Structure formats: structure tokens, C-alpha cells
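Hi,

Here is the structure for you to look over. My notes on what turned up follow below.

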Amino acid sequence: MKEKLLYYLLIIVTVPIAGEFRLFPLENEFRVSLGTPLFLFYLLWLKKIHPIFSGVIAGISVVLFRIWLSITFGDDTTTSQAFFSHVPVFFYYAIYGIIFNF
């Protein structure tokens, strides 16, 4: 149980940070983030964790981290503007975990 908690904490901390490293391969709005490949790596490597729960906690942690970044270092955005701007990433990671479970 303690080992699973450590794995979940690893996901909570590293996936949002890795998600902020972005590559723009086509010199336009299209970007590639490193958070998703890291999350896939964890799902493949850590067989003891549940994919759906991992997707939910990864999504929550990424949303909270990006809201914090927007409020702290971004332009004059309110908390609700930052929330609605970043909440789709929660559904991305949650659905990613659900699909990976199947």
C-alpha cells in the first residue's frame, strides 16, 4: 500500500512538471508536451497502479499546477478564467486512463 502511494505521488509531481516542457515542431500552434509520454511510461512500467485513478489524479494535478502557474506568473487572469482555460486537460488525462484500462 505504501509503495502504491509513492507511485501516485510520483505521478502527481512529475507529470505536471513534464507537461510544461513543450516542443513546437511545426512552428505554429501545434505543440507536443512531454507529460503524456511520461504518463504512458508510468502506466506501462508500474503495473500495481490503477489506470483510471492514475488518470484522474494526473488530470487534477496538471490542472491545479497550470492554474497556479497562470495566477502566479501569467498575465492578469482570475482563478475562474484560469480554471476554465485548463480544465479540458483533466478530461484528457481521465479519458486517457479509461481507454488505457481497456
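**Overall fold**

The protein chain holds 5 helices and 2 strands. These are DSSP runs, numbered from the N terminus: helices are H or I with at least four residues, strands are E with at least two. From the N terminus on, the order is α-β-β-α-α-α-α.

This is a predicted model: local features need pLDDT of at least 70, side-chain atom pairs count only at pLDDT 80 or more, and totals for chains, interfaces and linings use all residues. Residues are numbered from 1 along each chain as its sequence is written, and side-chain values use heavy atoms, with hydrogens and water left out.

The C-alpha trace spans about 40 × 30 × 20 Å along its principal axes. Of the 102 residues, 33% count as buried. Buried means under 20% relative accessible area, exposed over 50%, and partly exposed in between (1.4 Å probe, protein chains only). Among contacts with a separation of 6 or more, 63% join residues 24 or more positions apart. A contact means heavy atoms within 4.5 Å.

**Helix α1**

Helix α1 covers residues 2-19. Its 18 residues should span 26 Å at 1.5 Å a residue, and its end C-alpha atoms are 26 Å apart, which agrees. The expected span is 1.5 Å times one less than the number of residues.

Its buried residues are Tyr7, Tyr8, Ile11, Val15, Pro16, Ala18 and Gly19. The buried residues pack against β1 (22-23), β2 (32-33), α2, α3 (51-73) and α5 (88-101).

**Core**

The largest nonpolar core has 17 residues. Such a core is a set of buried Ala, Val, Leu, Ile, Met, Phe, Trp, Tyr and Cys residues joined through side-chain atoms within 4.5 Å. Ile11, Val15, Phe39, Ile49, Ala58 and Tyr93 touch the most other members. At least two residues come from each of α1, α2, α3 and α5. The largest share, 5 residues, comes from α3.

Phe39 touches Ile11, Val15, Ser54, Gly55, Ala58, Tyr93 and Tyr96, not counting residues up to four places away in sequence. Ring pairs also link Phe39, Tyr92, Tyr93 and Tyr96 into a cluster.

**Aromatic pairs**

Rings of Phe, Tyr and Trp (its six-membered ring) pair if their centres lie within 6.5 Å; planes under 30 degrees apart count as stacked, over 60 as edge-to-face and the rest as tilted. By this rule there are 11 aromatic pairs. Phe41 and Tyr42 form a tilted one, at 6.1 Å centre to centre and 45° between the planes. Phe41 and Trp45 have ring centres 5.5 Å apart and planes at 20°, so this pair is stacked. Phe41 and Trp45 lie 4 residues apart in helix α2 (residues 35-45), separated by about one helical turn.

Phe41 is partly exposed at 43% relative accessibility. Tyr42 is buried at 6%. Trp45 is exposed at 52%.

Best wishes
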